[in-house]
Amino acid sequence: MKLRAVTVVLAFLVTNQSPVLAASCNPDRALFQGQDGVVEVSVEIADTPETRAQGLMFRRELQRGKGMLFIYETPQPVSFWMRNTLIPLDMIFIDARGKVRHVHTMARPLDETSIPGAAPGDVAPERLMVLEVPGGDAARLGIRPGMALSHPRLPQEAALSPCD
């Protein structure tokens, strides 16, 4: 029994991960659990085909610490582009457990190049959510792959960081 406990502790140390605790969730907040604490982003929800298609197009500004959370009905491969988007954005791609799988930084305004939701070689490219924040905000806030999102729209039974 002691050997098993030591093995579990060593596994956490070797993988450089810390246990994630339940969070107090609110639909208009994305909470990211990181080694340095919780990062909070105020979000608008885009969860219908119409709101996802509109996204942040034609907006002239997006304040730091704010973003748009795109939520799909089921996990799926996704890609974005910047058609009619006037401001640079960071795109944070999140799987169905709430794990940040990929971050695309500083997407160029008005660029129609497809931005995939998975990094090359990702064996599980399906995404349930995508968070768009002002360009540079992901780095400024410390949001990076491997972090866990807490949000009430994640399937709580499988969430890495479930809501209270």
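User: Why is Asp95 called buried?

Analyst: Asp95 has a relative accessible area of 7%. Buried means under 20% relative accessible area, exposed over 50%, and partly exposed in between, with a 1.4 Å probe and protein chains only; Asp95 is therefore buried. The model is a predicted one, in which local features need pLDDT of at least 70 and side-chain atom pairs count only at pLDDT 80 or more, while totals for chains, interfaces and linings use all residues. Residues are numbered from 1 along each chain as its sequence is written, and side-chain values use heavy atoms, with hydrogens and water left out.

User: Why do Arg97 and Arg101 count as partly exposed?

Analyst: Relative accessibility is 35% for Arg97 and 22% for Arg101. Both values fall between the two cut-offs, so both residues count as partly exposed.

User: Which parts of the chain does the salt bridge of Glu73 and Arg52 link, and what is its N to O distance?

Analyst: The side chains of Glu73 and Arg52 meet at 3.4 Å, N to O. This pair links distant parts of the chain, 21 residues apart: Glu73 lies in strand β3 (residues 66-76) and Arg52 in helix α2 (residues 49-54). Helices (H or I, at least four residues) and strands (E, at least two) are DSSP runs, numbered from the N terminus. Glu73, at 54% relative accessible area, is exposed, whereas Arg52, at 15%, is buried. The structure holds twelve salt bridges.

User: How many aromatic pairs are there, and why is the pair of Phe70 and Phe80 called edge-to-face?

Analyst: The structure holds two aromatic pairs. Rings of Phe, Tyr and Trp (its six-membered ring) pair if their centres lie within 6.5 Å; planes under 30 degrees apart count as stacked, over 60 as edge-to-face and the rest as tilted. The ring centres of Phe70 and Phe80 are 5.0 Å apart and their planes stand at 90 degrees, so this pair is edge-to-face. Phe80 and Phe93 also form an edge-to-face pair, with 6.0 Å between centres and 80 degrees between planes. Phe70, Phe80 and Phe93 form one aromatic cluster.

Note on methods. Salt bridge = Lys/Arg side-chain N within 4 Å of Asp/Glu carboxyl O.
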